[in-house]
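Welcome! Have a look at the model below, and then we can walk through it together in questions and answers.

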Amino acid sequence: MSGPVLTFGETMLLLTGRDVGAVPDLEHMRVDTGGAESNVAIGLVRAGVPATWVGRVGTDPAGDRVAADVRGEGVDVVAVADPERSTGIMMKERLLDGRTRVTYHRRGSAGSAITATDLPGSVVEAAALVHVTGITLALSDSARATVAAALDRADAAGVPVSFDVNHRPKLIDPDAARSHYRQVAERSAVVFAGDDEARLVLGRDEQDDDEEALAHELAALGRGRAVVKLGSRGAVASIDGVLFRRPATPVRVVDPVGAGDAFVAGWLAAMLGGADATEALDRAADAGALACTVESDWRRPDPDALHHAPDPSDTDHAVHDHVDR
């Protein structure tokens, strides 16, 4: 492997309830940061793979915190300061019924205004891999154009692309989403999706439970490799026509948000290091499970958590309420 993994997108200030309950009932919230692409970059660096994250932030304290947090984890950060827009904010609550709820306040944010010119110099051409998500495709026209420009540059330079669908239904119409996701998947060396996201991309019935077929069809849409994330049921991968399956690694779940990003980082780090698909799934499953054991999208977990028996009452269910203000 030569060069870092490049990823880009929106990272926001994250406010997390310190106690169980909805925001109106809380007295304290912890300040943190979170964003799918920067989460992946952080996970890669922890696995020994250099990574670069590019994004826009406001010229505000929230933007300063975003850049400091991501840079503090060893990621090469290109944070473009936007004096006209504010850094987005999201809030995370641990509800009484065991679910984790996330709400976003990002309409017109600095991060949503990313443009192709924000990708500096040869940052794409020098990358070992470019990682993109469906979130960036859904944020705005300029963000979507940035993805297209990055893929054009990657194709011209022979740099592979990975794509995590990461669908956000309140940000984009499903028919438009399917079209945009398919265009990127067709150009991607590996595609990651939840089973519901795979059905969306492929136009399959929501009641179709054939996970292996989903993996094979998603791989066929792209360039032969796809991984379908199944949460507590593990994951299934189709790699050059061969199917691989891995059960989830059992842990005590504290906060499931960010687990999918950690899973992707684990897989990419393994594959870039020359691992086979079985080892890549093992590392991805363990990374995703560990991410569930901390109250943060990306903060470092205790590796010993993998050896703790899970509580039967644990849940990995997260509800994403995309609220734009």
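Q: How many of the residues of strand E10 (residues 190-194) are buried?
A: This is a predicted model, where local features need pLDDT of at least 70, side-chain atom pairs count only at pLDDT 80 or more, and totals for chains, interfaces and linings use all residues. Residues are numbered from 1 along each chain as its sequence is written, and side-chain values use heavy atoms, with hydrogens and water left out. Strands (E, at least two residues) and helices (H or I, at least four) are DSSP runs numbered from the N terminus, and buried means under 20% relative accessible area, exposed over 50% and partly exposed in between (1.4 Å probe, protein chains only). E10 is mostly covered, and the number of its residues that are buried is 5 of 5.

Q: Which residues of E10 are buried on each of its faces?
A: Both faces of this strand are covered. One side holds Val 190, Phe 192 and Gly 194, all buried, and the other holds the buried Val 191 and Ala 193.

Q: Which strands stand at the edges of the open sheet, and why is one side of each left without a neighbour?
A: The sheet has 9 strands in the order E5-E4-E1-E8-E9-E10-E11-E12-E13, with mixed pairing. An edge strand has a single partner strand, so one of its sides is left without a neighbour in the sheet; the two are E5 (76-82) and E13 (242-246).

Q: What is the bridge partner of Val 5 in E4?
A: Strand E1 (residues 5-8) and strand E4 (residues 51-58) pair in the parallel sense, over 4 bridges. For Val 5, the bridge partner in E4 is Ala 51.

Q: Why do H8 and H9 count as roughly antiparallel?
A: Two packed helices are described by the angle between their axes and the distance between the axes. The axes of H8 (residues 259-272) and H9 come within 7 Å and cross at roughly 150 degrees; axes are lines fitted to C-alpha atoms, for helices over the stretch in contact, and angles run from 0 to 180 degrees between N-to-C directions. Angles under 35 degrees count as roughly parallel, over 145 as roughly antiparallel, 65 to 115 as roughly perpendicular and the rest as oblique. That crossing angle therefore makes H8 and H9 roughly antiparallel.

Q: How are H1 and H8 oriented to each other?
A: The axes of helix H1 (residues 36-46) and H8 come within 8 Å. They cross at roughly 45 degrees, so the two helices are oblique.

Q: Which residues of H8 make the contact with H1?
A: Contact means heavy atoms within 4.5 Å. H1 contributes Ala 36, Asn 39, Val 40, Gly 43 and Leu 44, and the residues from H8 are Asp 261, Val 264, Ala 265, Leu 268 and Ala 269.

Q: Is Asp 297 buried or exposed?
A: Asp 297 lies in the loop between H9 and strand E14 (318-321). With a relative accessible area of 8%, Asp 297 is buried.

Note on methods. Two strands pair if DSSP finds at least two bridges between them.
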